[in-house]
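Okay, thanks for coming, everyone. Let me put the model up on the screen, and then I'll walk you through a few spots in it.

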Amino acid sequence: MSKISDPSLVETSPDPDADCKLCSDFFDLPEVRALTSNLNSEMIARRLKIPLLCPVFETACTRLVENDNFTFELDSEAVEKLPNLIHNRVQNIVPDPDASETNRNQYTKARNIGIVFSGGPAPGGHNVIAGIYDAATKANPNSKLYGFWMGPDGILENRHVLLNQEMIDDYRNLGGFAMIKTGRTKIDSAKKMEQARKTLKGLDLDALVIIGGDDSNTNAAFMAQELFYDGIQIIGVPKTIDGDVQVRDSKGEVLCAVSFGYYSAARAFAQEVSNLCTDCSSDQKYWHICKVMGRSASHLALEVALQTHANITLIGEDLADYTDHRRLEASRKSGGTDFTAYGMTLRHLSRIICDAIVQRAAVGKNFGVMVIPEGVLEFINEIQVFIIKLNTIIGEYNRTHDIDFHSTHPFLEQKREYLRRLAQGTRDSGGHSVWNNRDDELFNDLPDFFQEGLLMERDSHGNFQFSLVETDKVIMGLVRDYLDILKDKGVYKLGIERAYYERTLEAAGLSPDRFGPVLFRNYDSGSYLLVKENIISIKTLKQVLVKAGLATEDQPVPSAVEKIYAKSVPQFKIQTHFYGYDGRGSSPTVFDCTYTYNLGWTAFSLIANGATGQMAAIRNLEQPFSQWEPIGVPIAPLMHLEERNGRLVLVLEKSLVDLKSPAFQTLKAFREKWLAATPGPDDFRVPGPIRLSGDIDEDRPITLTLNRYGAMHQKRGTHG
């Protein structure tokens, strides 16, 4: 029988979505359209801002003046392969207000210029294009700028777009390479070079500007040589967030202090790392392990450290420079030399990190932030040897077989078996091989995931892909294992704040001074109290109390004392983070916006004055903006032979962190302060967000500024 007999008493259920529905014209309201637009006030302001120009570009014409103050040591291979470029000189760009009619006509003639991005994105690339476009159309409004689509593939496939004012203005001061995209293809064969020649000549190009890193600028030099007699000029522009494209002459004089994009990426990473510093100071639960991009050099890690004052920062170049003097001395006493004492091992690195963690825990700080460069393992002795040997093995296999190594051996066990056979072949034949039995034994001691990483496919340049290896997992696995050992030994303890200890015992009616000397090894002096090393469990705690007459065998440990002991046992928890692609896509800083815009004008001046095989650069980036000097740097004299993918090839040398530089020396000097293994707050620094507003002279890499101040200080000291 129905409980409700009168249907009229039943309430009609309302449409549950009725109150949520909006009239369609709501979405047409100007306020709603503004809020849901892909534009915002910050982006609009960025697009409208025109960066400052170096004074030389304010004149109607410029000219090039060869500067013989810079010298280079020429590689014989470069002399042979790049004969038309090898004797290029550094070229200063200077104003030419009184240009002859011939020079003026040459400078202002209509040109067709191609531009291509090569390699990963870096903040500021769009401003290089904007600078070239503005300079070219100022010289002659009929000039045309062609952007090749998706990097060098666009050249090979003749995929291009004619850039116009609207496109340029849409991307001014914005991050990424979205205007024309990018790619990693190399034009490194006769067939590809011929395809490129056909495309460039088909568009009647006067010049091509290649924006890229060390490999891309190497490619620019070879293209300049190949197209020399075709009259097509090739100009390179230094780009990489890794900061490892830095140019010096043979005397160490700086021609290009840093590639563009480095500072913006570092600032983006620093902002995220700084947020973690704030977070870990708040809940005091985690060690945040922050891996930042930097495959072959640690420039980004260094800048992030200076920007944030992270508690621990590893610099790969510093690890490679390490010498274990105790082992060295021990071997000398026995009449030998222990060459493994030179350079850092994984085991020793884990010990150093553990020591820092233990020191902070002793003052109640079982948390912190550690910054490591993604390529840090390349600087570790045994790992470096493995990478070199495996690169050689894989490269040799690929050259001598119709199918590549990874296709033939898709599974880890197949790869290990191949290496095993190499080692066995060495032992059986009594000959020498790249891979020997000891290598095989050491390799098989590594965790499977790390073996997989070391054997993964190399990138298009034959480089080991550190960004795909869980570097943090390798290092922190060893750290965790050693911390467990230190915990069992009673060394790894969490310091107990004295006031907290006293309050806890007094609340339980116990005497702090009676229990303190029995429980703590530093009761007479420490503001943070450390439980004695022999107390490593409730059982050992009970034994100590019984021995001191503070408990009997049949009594439990007082709950307040047990609570204090439990607080002293550290729980090591980590959170891992990788910062790379997010920084590549960040908005450029005012420094990079200004730098890249002037690089664009520099590239055009080199083209307009007939240069080829040169890299557009700005000298004195560490100085006030008024002292910046646009120059052309010869690429060919910078090239040398280097092992790549198991072969020696001509490349630009990557620049590593200079351990003698004021920037690194500053980090070294402040390591203890920033570790903050003392009572009280940490010394974290907040770098602030990336904004386009601000003074260029106040917004530049800390590394550059410190190096400038260091040089000034040294000069003052030299002159008394």
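So, helix 28 gives the largest share of the lining of the largest pocket, nine residues. Bear in mind that we're looking at a predicted model here. The space in that pocket comes to about 1600 Å³. There are 49 lining residues, and the ones closest to the centre are Val247, Arg248, Gly252, Glu253 and Val254. Besides helix 28, the elements that put in two or more residues include strand 8, helix 11, strand 16, strand 18 and helix 27.

Strand 7, residues 233-238, runs parallel to strand 16 and is joined to it by two bridges. Over there, isoleucine 235 stands opposite glutamine 614.

The largest nonpolar core has 124 residues, and Val209 and Met223 touch the most other members. Helix 26, residues 590-608, gives the most to this core, with ten residues. There's also a second, separate core of 50 residues, and Leu319, Met370, Val474 and Tyr482 are in it.

Okay, on to the second largest pocket. Its volume is about 870 Å³. It has 29 lining residues, and nearest its centre are Thr345, Leu346, Glu382, Leu442 and Leu446. Which helix supplies the largest share of that lining? Helix 15, with eight residues. Helix 14, helix 18 and helix 20 each supply at least two as well. By class, you get 13 nonpolar, seven polar and nine charged residues.

Last stop, glycine 316, which lies in helix 12. Is it buried or exposed? Glycine 316 has 0% relative accessibility, so it counts as buried. Setting aside neighbours within four places in sequence, glycine 316 is in contact with Ser298, Pro373, Val376 and Phe379. Glycine 368, on the other hand, is 52 residues away from glycine 316 in sequence and 20 Å away in space, C-alpha to C-alpha.

Key:
Residues are numbered from 1 along each chain as its sequence is written. This is a predicted model: local features need pLDDT of at least 70, side-chain atom pairs count only at pLDDT 80 or more; totals for chains, interfaces and linings use all residues. Side-chain values use heavy atoms; hydrogens and water are left out. Two strands pair if DSSP finds at least two bridges between them. Helices (H or I, at least four residues) and strands (E, at least two) are DSSP runs, numbered from the N terminus. Buried means under 20% relative accessible area, exposed over 50%, partly exposed in between (1.4 Å probe, protein chains only). Contact means heavy atoms within 4.5 Å. A nonpolar core is a set of buried Ala, Val, Leu, Ile, Met, Phe, Trp, Tyr and Cys residues joined through side-chain atoms within 4.5 Å. On a 1 Å grid over the protein atoms alone, a cavity is a set of points where a 1.4 Å probe fits but cannot get out, and a pocket is an open set with protein on both sides within 12 Å along at least five of seven lines; lining residues have an atom within 4 Å of a point. Grid points are joined across faces, edges and corners, and a volume is the space filled by probe spheres set on the points. Ala, Val, Leu, Ile, Met, Phe, Trp, Tyr, Cys and Pro count as nonpolar, Asp, Glu, Lys and Arg as charged, and the others, Gly among them, as polar.
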